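Here is a short report on one protein model. Have a look at the sequence and the fold before reading on.

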Amino acid sequence: MDQDDKKNLVAEAALEYIKNGDILGIGSGSTVNKFINLLGSVRNKIEACVSSSNTSTELLKNMNIEVIDIKDAKSIPLYIDGADEANSQKELIKGGGGALTREKILAQASDKFICIIDESKFVKKLGSFPLPIEVLQIAKSSVSLEMIKLGARPVYRDQFITDNGHIIIDVHGLNINEPMALEKEINNIPGVVTNGIFSIRSADEILIATDNGIIKK
Ligand code: 5RP
């Protein structure tokens with residue numbers, strides 16, 4: 001099975017978590033795109049979706065699935081999203097696709113967060129994947145400097161503006177020994193909108209696609 005097959009497999013496994021009348025939170029990325037493509041088969045069960053990115057919104061609308069604003073959702077019983085890395089504590093690094101802020105808002109607002117990944121993303125320690133940070137444009141240098149002080153290497157994501165109108169700095173070489181402490185520390189730097197560590201609100205369950213099928217953590 002290649003990585004694409006595994007993304008399909010895990011997207012399909014997430015379908016069984018949907019209950020009748022659910023408002024679904026929908027993340028972003030190639031794994032979630034596969035999940036969206038499968039939603040046609042359960043369209044009747046879903047009341048509506050709340051989307052984390054313009055791309056996911058467009059895909060959902062193409063599937064004739066209603067997309068509502070988060071403020072109009074009475075509750076979000078289930079949020080489905082991918083990740084760039086996940087550990088056994090169900091802490092994540094997200095933001096490879098740049099939708100981390102809305103994803104974090106949705107994760108926080110949801111009753112249950114199911115993260116769907118292939119096995120290449122399940123790691124012992126977070127941090128091999130560069131940590132995405134969404135930053136106000138005027139704080140590009142000052143936030144980068146703070147990352148250098150942490151011993152890391154900030155790389156400006158060229159030609160990329162988020163759905164919220166901000167830039168992304170991808171931070172290489174961070175030592176993420178304590179994900180929650182680092183998530184809070186980076187959040188406290190002026191100009192940071194969100195960082196891609198999901199530890200304060202981690203996933204509730206991780207579905208991992210392997211060559212031998214789905215593993216649940
Ligand atoms: C987007 C994300 C994605 O969930 C993450 O990048 C994983 O994407 P993919 O499923 O394409 O590997 O956080 O901001």
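Which residues does E205 touch, not counting residues up to four places away in sequence? They are Y17, K90, K112, F113, I114, C115, K216 and K217. Contact here means heavy atoms within 4.5 Å.

## About the model

This is a predicted model, where local features need pLDDT of at least 70, side-chain atom pairs count only at pLDDT 80 or more, and totals for chains, interfaces and linings use all residues. Residues are numbered from 1 along each chain as its sequence is written, and side-chain values use heavy atoms, with hydrogens and water left out.

## E205

E205 sits in strand β12 (residues 205–210). Helices (H or I, at least four residues) and strands (E, at least two) are DSSP runs, numbered from the N terminus. E205 is buried, at 15% relative accessible area. Buried means under 20%, exposed over 50%, and partly exposed in between (1.4 Å probe, protein chains only).

The side chain of E205 also makes a polar contact with the side chain of Y17, at 2.7 Å. Such a contact is a pair of N or O atoms within 3.5 Å; within protein, one must be able to donate a hydrogen and the other to accept it, and residues adjacent in sequence count only if both atoms are side-chain atoms.

## Helix α2

Helix α2 spans residues 30–38. Its buried residues are T31, V32, K34, F35 and I36. They pack against α1 (3–15), β1 (22–26), α3 (54–62), β3 (76–81) and β6 (110–118).

## Nonpolar cores

A nonpolar core is a set of buried Ala, Val, Leu, Ile, Met, Phe, Trp, Tyr and Cys residues joined through side-chain atoms within 4.5 Å. The largest has 25 residues. F35 and L207 are among those with the most contacts inside it. The largest share of this core, five residues, comes from α1.
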